[in-house]
Structure formats: C-alpha cells, structure tokens
Amino acid sequence: MYYEEMKKFNLVPDLSTMNSLIKLIRQSPEKEYDKLVNEMIARLKEIKSYDLRPNLATFNNCLELLKSFNMNTKIVPIAFDTLKEMELTNIKPSLATYMHLLSIVYPNYQVGQKTRVLEQILDILDKDESLFEWRDLNDGVFFKVAMDKCQSASKSIDNAKRLHSILMKNNNIR
C-alpha cells in the first residue's frame with residue numbers, strides 16, 4: 001500500500017525498503033508459488049530500474065522466499081539462477097545463503113543426490129575461510145541445517161565428519 005503510494009509520487013525507495021518488500025512476499029495471501037516468484041522477480045527488476053545494487057540481504061531474502069515453497073522441484077533452478085546472479089554482481093554468498101540452498105535442494109532426496117550440493121558446499125568451505133565471517137542473521141543456523149542434511153538427506157557419515165571438522169577448524173565453533 002505505502003509502496004504503491006511511493007511509486008505514484010515517483011519516490012525512489014532505498015535498497016533496505018526493497019529488501020523488506022521481497023521478504024514480505026511470503027506473507028502474501030496468494031498461495032500459488034508462480035505468482036509469488038513473479039512478484040519476487042518484479043521486485044528485483046524494480047531494484048535495477050531504480051539503479052540500486054542488490055546486496056547479500058537481497059539475495060538471501062529471495063532464497064528464503066524460495067525455501068518456503070518446500071518440496072517444489074521447480075524452485076531448484078530458480079535458486080541456482082539466484083546464485084549465478086550473486087556471482088555476476090560480485091556478491092559473495094554467506095553461510096545463510098548455503099543454508100537456504102541446502103533447504104531448497106534437499107527436501108527432495110533425488111535432487112539433492114543428483115546435484116551433490118552438500119558436497120560442493122563443503123568443498124567451498126574447505127577452501128574459503130572468509131565465509132565464516134558473520135554477515136547474515138541466519139549464518140549461525142548453517143551448521144545445524146547442514147548436519148541435519150548429512151543425516152537425513154545425504155545419509156553420509158563422511159559428509160558429517162567433514163562438516164564437523166570444518167566447524168572445529170580455527171575456532172569456527174565460536
């Protein structure tokens with residue numbers, strides 16, 4: 001309502017406002033994921049049209065929205081496109097980004113196994129210690145979700161051991 005008023009008076013919102021609008025899409029009474037995804041894409045296009053540069057929160061809000069469509073395999077390619085867009089805009093993912101991705105990919109065992117996302121994320125974390133810098137409120141949830149996916153989705157003790165060793169490396173546990 002207020003956003004429509006802002007547009008009517010040609011007021012340009014800041015990025016924080018746009019990020020909040022993306023986050024609020026989940027509370028829409030609309031339940032069809034296609035329409036909600038289209039609304040998210042419209043907000044992203046508006047960000048570009050306002051000459052704003054999306055940030056980590058923008059993309060993590062998008063992934064969090066996609067995560068809310070649990071078990072919908074049509075969401076997986078959109079999540080990967082979101083990661084590609086992050087890369088194109090030189091925005092480094094956070095642990096929360098990877099946590100959302102795991103939650104999107106692994107409700108469906110076959111998709112998770114085929115993409116091997118968990119293993120890829122563990123490879124990235126092994127190489128890049130800068131990812132352990134706290135940059136998103138949900139970063140702290142990553143290890144819990146990842147361990148859950150090791151146990152329930154990938155059913156891999158080796159992945160669980162790798163994840164645990166990453167957690168313990170250089171006092172990451174703090």
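I began with H2 and H4, which are roughly parallel to each other, because an angle under 35 degrees counts as such and theirs is roughly 5°. This is a predicted model, so I kept that in mind throughout. The axes of H2 (residues 15–24) and H4 (residues 56–67) come within 9 Å.

Next I looked up who makes that contact. From H2 I noted Leu-15, Asn-19, Ile-22 and Lys-23, and from H4 I noted Ala-57, Thr-58, Asn-61, Cys-62 and Glu-64. I sorted these residues of the H2 and H4 contact into 4 nonpolar, 3 polar and 2 charged.

On the H6 side, the contact is made by Leu-95, Tyr-98, Leu-101, Leu-102 and Val-105, and on the H8 side by Val-117, Leu-118, Ile-121, Ile-124 and Leu-125. How do the residues of the contact of H6 with H8 divide? I got 10 nonpolar, no polar and no charged.

Then I turned to the core. The largest nonpolar core has 49 residues. Those with the most contacts inside it are Leu-66, Phe-69, Leu-102, Ile-121, Leu-125, Phe-142 and Phe-143. I listed the helices that each supply at least two residues of this core: H2, H3 (33–49), H4, H5 (75–88), H6, H8, H9 (142–152) and H10 (157–168). Which helix gives the largest share of this core? It is H6, with 7 residues.

Leaving out residues up to four places away in sequence, I see Leu-102 touching Pro-107, Val-117, Leu-118, Ile-121, Phe-142, Ala-146 and Lys-149.

Last, I checked backbone angles. Most residues other than glycine have a negative phi. Asp-51, not a glycine, has a positive phi of about 60°. I placed Asp-51 in the loop between H3 and H4. Is Asp-51 buried or exposed? Asp-51 is exposed, because its relative accessible area is 72% and the cut-off is over 50%.

Asn-90 also went into the notebook: a positive phi of about 60°, though not a glycine. Asn-90 lies in the loop between H5 and H6, and at 69% relative accessibility it counts as exposed.

Technical notes:
Residues are numbered from 1 along each chain as its sequence is written. This is a predicted model: local features need pLDDT of at least 70, side-chain atom pairs count only at pLDDT 80 or more; totals for chains, interfaces and linings use all residues. Side-chain values use heavy atoms; hydrogens and water are left out. Contact means heavy atoms within 4.5 Å. Helices (H or I, at least four residues) and strands (E, at least two) are DSSP runs, numbered from the N terminus. Ala, Val, Leu, Ile, Met, Phe, Trp, Tyr, Cys and Pro count as nonpolar, Asp, Glu, Lys and Arg as charged, and the others, Gly among them, as polar. Axes are lines fitted to C-alpha atoms, for helices over the stretch in contact, and angles run from 0 to 180 degrees between N-to-C directions. Angles under 35 degrees count as roughly parallel, over 145 as roughly antiparallel, 65 to 115 as roughly perpendicular and the rest as oblique. A nonpolar core is a set of buried Ala, Val, Leu, Ile, Met, Phe, Trp, Tyr and Cys residues joined through side-chain atoms within 4.5 Å. Buried means under 20% relative accessible area, exposed over 50%, partly exposed in between (1.4 Å probe, protein chains only).
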